[in-house]
Amino acid sequence: MTYPAKVEGIAITDKKDWLHPKKASYDLKTAGDRDVDIKVIACGVCGSDVHCAAGRHLPLFEDCVVGHEIIGEVVKVGPKCTAGVKVGDRVGVGAQSLSCLECESCIAGNEQYCKKNTVYTIASIYPDGSKAQGGFGSHVRTHEYFVHPIPKELDTVNAAPLLCGGITAFSPLLRGQVGPGKTVGIVGIGGIGHIAILFAKAMGAKVIAISRSASKKEDCLKLGADEYIASAEGDDWKQKFAGSIDFMLLCNSSFSKSNFDSLFSLIKLGGEVCSIGIPDMSYRLSISPLSLLGIKFGFSALGSRNEFQKMFELVKKNNIKLWVETLPIGEKGLHEAFERVENGDVKYRCTMVDYDKEFGN
Ligand SMILES: [Zn+2]
Ligand SMILES: [Zn+2]
């Protein structure tokens, strides 16, 4: 069966064999008055899709379809939509699909921090019990507030990873007032770290890329980094860059091997460090209290509707090109994507394409 009766996606049908997702058909969430139906044309693969598929984040429901860097075409607009999207528009959906839209956080444009009614795009359940299914399927249905118009200048393959990876890097850089005259340290060069280098550079900052080994040096310099630190190779950098960073963004996927005391000694008095990761709580973060004196430590998650538009403007104005590989959507393609993202074998982001071939028109 096809949309609108049922939709099709590549689902985790067997939790024990999540690396081999299978085609399944399922219902979209119950249609709301402000919901927009979107025919998916591409979707990025994020590290948290893989964590989710493997059941590491939230308990998985049956036939769960992940994917939350969605680009698609609007095929239906709910009767009470007021945000202005029209049938045929190209739009994006990120990791968040609903918030209460009336609490203090939501009213202040911080809906990503709403604690009342947040529903994520994948592996989440709506208040009425219907399931949130993601972008590795033919269609998604999302509240208009979380449907982001994509400027026509942005290429679809390049735009998809902006919807989660991009906004996750952009929001803290924006709130950290990164710009000309500031020095930014980007720690952890993977999918999000590589975007953070591109963004911080485009925002006018001096960028220091920090990774454990020297293996990513060439890539980081190509991405625009001004300096590179291989933090596990030698000690010279500790003196050379001491007290030089205004804003440090932690994009590492694992904290277990990081030497935070040395890293934080690079931050200026009054400077800030912000983590976008959810620390793995199975071990203790070892930080000497002295290394934090005079600096601020914070966390950031996703971004707001307003920040999405500012990010798209930045990408458009500076013609920012992410490093994106593509794979065809389908059982085989998604298996390969999961396996490669799990092994950190992607440079540096992956977008699933060819939706028409898999799901038809
Ligand atoms: Zn709220
Ligand atoms: Zn994500």
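Begin with the boundary between the two domains: domain 1 and domain 2 of this predicted model bury about 1,700 Å² between them, 66% of it on carbon and sulfur atoms, where buried area is the accessible area (1.4 Å probe) that two parts lose on being put together, summed over both. To colour the two sides, select 6–164 + 303–359 as domain 1 and 168–299 as domain 2, bounds that come from an automatic or database domain assignment. The C-alpha centres of the two domains lie 28 Å apart, and the contact (heavy atoms within 4.5 Å) takes 22 residues from domain 1 and 20 residues from domain 2.

Next, select Glu-307, Trp-323 and Tyr-348, which supply 36% of the area that domain 1 buries against domain 2, more than any other three residues. Glu-307 also forms a salt bridge with Arg-175, with the closest N and O atoms 2.7 Å apart; a salt bridge here is a side-chain nitrogen of Lys or Arg within 4 Å of a carboxyl oxygen of Asp or Glu. Two salt bridges are counted between domain 1 and domain 2, and seven residue pairs, both at pLDDT 80 or more, are in polar contact across the interface. A polar contact is a pair of N or O atoms within 3.5 Å; within protein, one must be able to donate a hydrogen and the other to accept it, and residues adjacent in sequence count only if both atoms are side-chain atoms.

Show helix H10 (residues 305–318) now, since on the side of domain 1 that touches domain 2 this helix gives the most, with six residues; helices (H or I, at least four residues) and strands (E, at least two) are DSSP runs, numbered from the N terminus.

Move to the zinc ion (ligand 2), which is coordinated by Cys-46 (SG), His-68 (NE2) and Cys-164 (SG), at 2.0 to 2.2 Å. Donors are N, O and S atoms within 2.8 Å of the metal (3.2 Å for Na, K and Ca), and water is not among the atoms, so sites may look incomplete. Along the chain the donors follow the spacing C-x21-H-x95-C. Cys-46, in the loop between strand S3 (35–45) and helix H1 (47–53), and Cys-164, in the loop between helix H3 (156–159) and helix H4 (165–175), are 118 residues apart and link distant parts of the chain.

For a further charged pair, select Lys-80 and Asp-33, a salt bridge whose closest N and O atoms are 3.5 Å apart. Lys-80 lies in the loop between strand S4 (70–77) and strand S5 (90–93), while Asp-33 lies in the loop between strand S2 (22–26) and S3, so the pair ties together parts that are 47 residues apart in sequence.

Finish with the backbone. Most residues other than glycine have a negative phi, and most peptide bonds are trans. Tyr-3 and Pro-4 are joined by a cis peptide bond with omega of about 5°, and Pro-4 lies in the segment before strand S1 (7–11). The peptide bond from Lys-347 to Tyr-348 is also cis, with omega near -20°. Leu-101, in the loop between strand S6 (96–98) and helix H2 (104–107), has a positive phi of about 65° although it is not a glycine.

Residues are numbered from 1 along each chain as its sequence is written, and chains are lettered from A and ligands numbered from 1 in the order in which they are written. In this predicted model local features need pLDDT of at least 70, side-chain atom pairs count only at pLDDT 80 or more, and totals for chains, interfaces and linings use all residues, while side-chain values use heavy atoms, with hydrogens and water left out.
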